[in-house]
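The structure goes in here before my notes.

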Amino acid sequence: MLTWISENLATILICLALVLMVVGILIGMRRDKKKGKSTCGNNCAHCAMAGSCHSHKK
């Protein structure tokens, strides 16, 4: 087992770094959602959901 870990240490470290990045992104997205922030770019002219996601003031 120890030899397998030492032979694959670089792969293991890269995978752990990627997992940590994904977890960090998900935590950030969750915090933003709780704060009411949106990932929308507000460019409704190019959006398929243009009429349904934002309320339009008249």
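My notes on the chain follow.

The model is predicted: local features need pLDDT of at least 70, side-chain atom pairs count only at pLDDT 80 or more, and totals for chains, interfaces and linings use all residues. Residues are numbered from 1 along each chain as its sequence is written, and side-chain values use heavy atoms, without hydrogens and water.

I looked up the helices and strands (DSSP runs, H or I of at least four residues for helices, E of at least two for strands, numbered from the N terminus). The protein chain has 2 helices and 0 strands.

I checked H2 next. H2 has 27 residues and spans 39 Å from first C-alpha to last, close to the 39 Å expected at 1.5 Å a residue; the expected span is 1.5 Å times one less than the number of residues. Gly 36 follows H2, with a positive phi near 90°.

Then I looked up burial (under 20% relative accessible area, 1.4 Å probe, protein chains only). Buried residues make up 0% of the 58 residues in the protein chain.

Methods. Buried means under 20% relative accessible area, exposed over 50%, partly exposed in between (1.4 Å probe, protein chains only).
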